[in-house]
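Here are some notes for a colleague opening this entry for the first time. They concern how the parts of the chain meet.

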Amino acid sequence: MSERPPHTTTDAGSPVGSDEYSLTVGAGGPVLLQDTYLIEKLAHFVRERVPDRVYHVKGGGAFGYFEVTADVTEWTKAAFLNEVGKRTPVLLRFSSVAGEEGYPDSDRDVRGWAMRFYTEQGNYDLVGNNTPVFFVRDPMKFPDFIHSQERMPATGLRSNNMQWDFWTLSPESAHQVTVLMSDRGTPRTWRHMNGYSSDTYMWENAAGKKFWVKYHFKTEQGIENFTDAEAKAMRAEDLDCHRRDLWDAIAREEYPSWRLEMQIMPYEEAADYRFNPFDITKVWPHADYPPMTVGRLVLDRNPENFFAQIVQAGFDVANFVPGIGPSPDRMVLARMFAYGDSSRYRTGPNYAQLPVNQPLSGVHNYNKDGPMRYHHSGNQPVYAPNSYGGPKADPQRFRDPSWFTEAAEIMRAAYEAHPEDDDFVQPGMLYRQVMTQTDRDHLVGNIVAHLSQGVERSMQERAVGDYWTRVDSDLGARIARSLGLKP
Ligand code: NDP
């Protein structure tokens with residue numbers, strides 16, 4: 001026989017009289033203010049949401065582990081990577097960028113890849129996308145980019161015209177828009193796509209030698225995408241197809257996995273590399289820096305409570321561990337501020353004390369109090385320096401990751417261009433050298449479909465003349481023909 005369920009209580013734990021009926025004066029009379037259980041229930045109900053993320057709102061995720069499969073100690077002293085076979089627990093949240101919580105999972109968009117390694121030296125968060133590049137290279141343009149993907153101020157409607165306006169006036173977006181408009185912009189599931197750090201980071205070994213690195217998580221399920229028509233049909237069938245697919249696969253014990261391949265550039269090579277290696281709109285061609293397999297990621301546990309473990313997960317690009325740090329990539333440097341700040345706004349200054357955000361190793365510092373603090377460090381001194389045994393930094397063992405910068409005038413300026421830096425070279429290579437004929441045909445069809453929905457004629461002309469023709473003249477001509485424009 002099953003056990004009796006517990007009796008219902010107020011939030012203070014005292015038993016309540018009914019799950020069905022409010023307290024009234026007689027069966028037909030008014031509801032009483034003294035029905036504190038009802039009032040508590042309604043008051044809690046209207047406070048059920050925390051503010052959404054500003055973007056990457058709709059997502060899903062799961063827990064699992066990362067296993068080191070090759071010796072990487074030559075490049076990093078990170079403790080969780082210091083031994084072949086070592087496993088570290090992870091959380092991975094997938095998301096789409098522009099849509100709100102009810103948006104169809106299958107719509108054309110970049111997919112977020114937010115990952116947390118719960119290491120013995122604290123949380124290491126790696127927050128990237130399913131694409132190796134990004135739309136803008138300077139964080140100053142980031143809020144504008146996101147605004148252009150969201151809704152129009154007057155109508156509250158999304159607008160392809162607004163998106164093409166921003167993109168065509170921002171030529172650095174051409175590489176990412178080429179990927180977005182290819183079938184990789186509509187992945188079949190989260191399991192069937194890759195994850196990339198996109199940004200460049202620094203690894204440092206035990207001897208203090210530094211390297212620039214990019215992470216590529218390659219799906220072991222194989223890449224599978226929807227065509228544009230399949231993605232649109234899926235809107236009617238299942239708005240939550242990606243969230244459901246991940247949950248169901250793990251529930252069936254079909255655990256999705258990815259191979260971690262690293263691109264590693266010796267520190268000194270960055271200065272003269274043919275592309276600016278810190279420009280997130282570019283990849284490092286594989287021939288220059290061949291990806292090396294170093295680990296494997298497996299997701300094998302669904303969340304027990306979606307809100308507590310996925311919605312309230314607060315990833316922070318600033319969460320590094322010794323042996324890993326940022327690079328001069330401007331997007332990383334700005335994201336190191338914005339992610340933690342987003343969590344402080346959404347769930348409060350003590351968001352890191354929530355179970356999903358707590359490191360498995362301890363936390364010892366002088367931050368104190370604030371809303372919703374529930375883990376206190378007892379009678380520990382609340383200031384440093386102190387004479388009473390409070391935590392002490394160890395500058396000999398733990399130095400901030402660093403690199404050299406030349407003394408220069410403080411200014412607002414573009415990155416210095418490297419010899420082959422050009423916004424259209426790499427998307428052109430993707431179109432001409434990497435895509436199959438079918439990929440190219442679908443790319444043309446997807447771009448034409450997108451440009452045909454509410455985009456002004458002058459904007460279409462700019463997209464052809466100033467953008468796609470510069471990626472590739474054949475691509476520009478094909479789009480022009482389909483739109484009835486002069487190539
Ligand atoms: P390679 O031929 O060595 O690599 C091309 C890579 O492109 C593949 O390994 C694959 O990466 C990815 N790819 C394959 N098909 C598609 C597609 N239809 N849409 C998007 N990406 C695809 O060439 P290079 O390294 O010299 O790069 C050439 C171009 O390939 C780049 O300009 C870039 O656009 C694209 N690319 C390069 C990547 C890199 O890190 N070098 C990564 C991804 C794309 P994967 O296995 O990661 O899917």
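How much area is buried between domain 1 and domain 2, and what percentage of that area do carbon and sulfur atoms give?

1. The model is predicted. Its domain assignment places domain 1 at residues 59–353 and domain 2 at residues 425–483. The C-alpha centres of these two domains are 26 Å apart.

2. On the opening question, about 2,200 Å² is buried between domain 1 and domain 2, and carbon and sulfur atoms give 62% of it. Of the area that domain 1 buries against domain 2, 30% is supplied by Asn 161, Trp 164 and Thr 178, more than by any other three residues.

3. Counted by residues, the contact joins 28 from domain 1 with 21 from domain 2.

4. Between the two domains there is one salt bridge. Arg 462 and Asp 165 meet through their side chains in a salt bridge, with N to O at 2.5 Å. The count of residue pairs in polar contact between domain 1 and domain 2 is 11, with both residues at pLDDT 80 or more.

5. Which elements give two or more residues to the side of domain 1 that touches domain 2? They are helix H3 (160–168), helix H4 (174–181) and helix H5 (228–237). H3 provides the largest share of that side, with seven residues.

6. By residue type, the side of domain 1 that touches domain 2 consists of 11 nonpolar, 11 polar and six charged residues.

Notes
Residues are numbered from 1 along each chain as its sequence is written. This is a predicted model: local features need pLDDT of at least 70, side-chain atom pairs count only at pLDDT 80 or more; totals for chains, interfaces and linings use all residues. Side-chain values use heavy atoms; hydrogens and water are left out. Domain bounds come from an automatic or database domain assignment. Contact means heavy atoms within 4.5 Å. Buried area is the accessible area (1.4 Å probe) that two parts lose on being put together, summed over both. A salt bridge is a side-chain nitrogen of Lys or Arg within 4 Å of a carboxyl oxygen of Asp or Glu. A polar contact is a pair of N or O atoms within 3.5 Å; within protein, one must be able to donate a hydrogen and the other to accept it, and residues adjacent in sequence count only if both atoms are side-chain atoms. Helices (H or I, at least four residues) and strands (E, at least two) are DSSP runs, numbered from the N terminus. Ala, Val, Leu, Ile, Met, Phe, Trp, Tyr, Cys and Pro count as nonpolar, Asp, Glu, Lys and Arg as charged, and the others, Gly among them, as polar.
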